[in-house]
Amino acid sequence: MYSILKIKRVKMTAGIVAAYLSMMIFVACVDDTEVNPFGECGGPSKVNAIDISLFYEPYEDNKYASESDTVNLEDFRIFLKIASETISQSSFTGSFPGTAFALSCAPNLDFQNIASISMTLLAPYGDKEAGTDISSLVTTHDEIKLSDLRDFTGSMGQYRLSIAVQPENESQLKTKTILNLKDGSQKVYESTSPVLLTN
């Protein structure tokens with residue numbers, strides 16, 4: 001009798017765990033209840049940008065390169081990151097405790113409040129003087145100039161940037177990046193790259 005009760009308890013516990021995991025899988029990556037939860041990830045989330053930052057690769061020893069590091073120019077990468085807050089979220093997923101997101105679902109953000117992004121030099125870089133607006137010389141991984149970037153739908157909130165300026169050996173890129181919002185406010189981020197070796 002005791003062994004039968006013990007088996008029933010184990011089965012009941014396993015059933016509850018399986019049901020809970022099934023529910024977590026069911027809501028994973030679903031932002032829209034109209035979307036098939038076992039098919040594609042949910043549609044874009046409406047968000048507002050709240051801040052902006054830059055970080056630099058190479059990424060080594062679990063940290064990004066800082067201004068005190070020295071890196072070869074061919075290994076140097078610039079990334080722009082836009083921090084966001086959600087405007088609207090499906091109540092189906094938002095109210096469920098322990099909601100999980102599938103690893104295959106990349107962020108799909110629809111920024112509502114960004115007007116533009118610009119970048120100026122805080123110190124000379126290559127043949128450009130301090131104070132130069134380099135927005136037209138900076139391109140995203142999609143080959144869009146920063147000065148022309150106006151569509152922020154379907155964004156991951158992160159952009160790999162390249163600058164069409166050849167730096168001098170052992171120089172640093174010092175920039176002021178400005179996130180212009182539609183309400184007229186700005187978020188400003190000043191940054192200094194690692195020391196760049198071009199030889």
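**Strand β6 and its surroundings**

In this predicted model, strand β6 (residues 114-121) is joined to strand β9 (residues 174-181) by seven bridges, and the two strands run antiparallel. Within this pairing, Ser116 has Asn180 of β9 as its bridge partner. Seven of the eight residues of β6 are buried, so the strand is largely enclosed by the rest of the structure.

The largest nonpolar core contains 31 residues. The members that touch the most other members are Ile78, Leu80, Ile82, Phe111, Ile114, Ile117 and Leu161. At least two residues of this core come from each of β1 (45-60), β4 (77-86), β5 (109-111), β6, β8 (158-163) and β9. The greatest contribution is made by β1, which gives five residues.

The contacts of Leu161 were then examined. Apart from its neighbours within four places in sequence, Leu161 is in contact with Leu54, Ile78 and Leu80, and also with Met119, Val138, Thr139 and Thr140. Two of these partners, Ile78 and Leu80, are also listed among the core residues that touch the most other members.

A further residue of interest is Ser135, located in the loop between β6 and β7 (138-140). Ser135 has a relative accessible area of 4%; this value is under 20%, and the residue is therefore classed as buried. When neighbours within four places in sequence are left aside, Ser135 is in contact with Ile117, Ser118 and Met119, as well as with Lys145, Leu146 and Ser147.

How values were computed:
Residues are numbered from 1 along each chain as its sequence is written. This is a predicted model: local features need pLDDT of at least 70, side-chain atom pairs count only at pLDDT 80 or more; totals for chains, interfaces and linings use all residues. Side-chain values use heavy atoms; hydrogens and water are left out. Buried means under 20% relative accessible area, exposed over 50%, partly exposed in between (1.4 Å probe, protein chains only). Helices (H or I, at least four residues) and strands (E, at least two) are DSSP runs, numbered from the N terminus. Two strands pair if DSSP finds at least two bridges between them. Contact means heavy atoms within 4.5 Å. A nonpolar core is a set of buried Ala, Val, Leu, Ile, Met, Phe, Trp, Tyr and Cys residues joined through side-chain atoms within 4.5 Å.
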